[in-house]
Amino acid sequence: MRVIFAIIIGILAGVSLGYGADVSIPTVNLSLSAPSSPKQLVTTLNIVVILTLLVLAPSLVLVMTSFTRLIIVFSFLRTALGTQQSPPTQILVSLALVLTFFIMEPVAKEGYHAGIEPYMSNKISYDVAFEKTVAPFKNFMLKNTREKDLALFFRIRKLPNPQTIEDVPLSILVPAFMISELKTAFQIGFLLYLPFLVIDMVVSSILMAMGMMMLPPVMISLPFKILIFVLVDGFNLLVGNLVASFK
């Protein structure tokens, strides 16, 4: 997991730091041969483990970044508008990923300069590099995690209350951060529903007063909801407040 985390941090920071830089691309030689020494066997097994764990790499984007809150809020927005498959799920996921890179770029840069860059220069060991790299992400998650959620997992593990950030292990911080993000996303989704719900109720009342009870209110309210959302520049307001909601 540490190797996968280091790879993702390198990608996040390298996107913004690698423009115009001379990058040496390593070569990979895959061959099937009997190892001649125990060290060669260990190296081969490490490569196999890394390639296997890379399958889990996308999950790190979901559990340690802002992606969870963004994609849930966008899903609530589409449901509240009643537009079914518009915008398409692929567009919403892409937008959430782009905003995730935008929000996490300063954190990734800090982790890259603190841990990965000195490690690649052979100035610090791997364990120290991992601790320095993960520290900015732990700060980000702690700032966006409710104390009640964090205390829940400490209580389940029967661990003493932490005194510093270093005392909070990732195995406890990550699930606490996840349930905090879920609660925040549902709160934002509830607030998104309210204005569209009012429009549906007004349209439904008007149709009933006119005796047009057989006409589905959604067919009439949908254009009005889209029109109002466009007039107030909904995506600008929503994205701006979402980005600002992360501490």
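**Figure 1. Contacts across the sequence in the predicted protein chain.** Take contacts in the protein chain between residues at least 6 apart in sequence: 75% join residues at least 24 apart. Contact means heavy atoms within 4.5 Å. This is a predicted model; local features need pLDDT of at least 70, side-chain atom pairs count only at pLDDT 80 or more, and totals for chains, interfaces and linings use all residues. Residues are numbered from 1 along each chain as its sequence is written, and side-chain values use heavy atoms, with hydrogens and water left out.

**Figure 2. Elements and surface of the protein chain.** The protein chain has ten helices and zero strands. Its elements, from the N terminus on, run α-α-α-α-α-α-α-α-α-α. Helices (H or I, at least four residues) and strands (E, at least two) are DSSP runs, numbered from the N terminus. Of the 247 residues, 32% are buried. Buried means under 20% relative accessible area, exposed over 50%, and partly exposed in between (1.4 Å probe, protein chains only).

**Figure 3. The crossing of α8 and α9.** Helix α8 spans residues 170-209 and helix α9 residues 217-231; their axes come within 9 Å and cross at roughly 140°. That angle makes α8 oblique to α9. Axes are lines fitted to C-alpha atoms, for helices over the stretch in contact, and angles run from 0 to 180 degrees between N-to-C directions. Angles under 35 degrees count as roughly parallel, over 145 as roughly antiparallel, 65 to 115 as roughly perpendicular and the rest as oblique. From α8, the contact takes in Phe196, Ile199, Asp200, Val203, Ser204 and Leu207. From α9 come Pro217, Ile220, Ser221, Phe224, Lys225, Ile228 and Phe229. Nine residues of this contact are nonpolar, two polar and two charged. Ala, Val, Leu, Ile, Met, Phe, Trp, Tyr, Cys and Pro count as nonpolar, Asp, Glu, Lys and Arg as charged, and the others, Gly among them, as polar.

**Figure 4. Lys158, in the loop between α7 and α8.** Helix α7 covers 147-157. Lys158 is not a glycine, yet has a positive phi of about 60°. Most residues other than glycine have a negative phi. Lys158 counts as exposed because its relative accessibility is 74%.

**Figure 5. Asp233, in the loop between α9 and α10.** Helix α10 covers 234-244. Asp233 also has a positive phi, near 55°. Its relative accessibility is 42%, so Asp233 counts as partly exposed.
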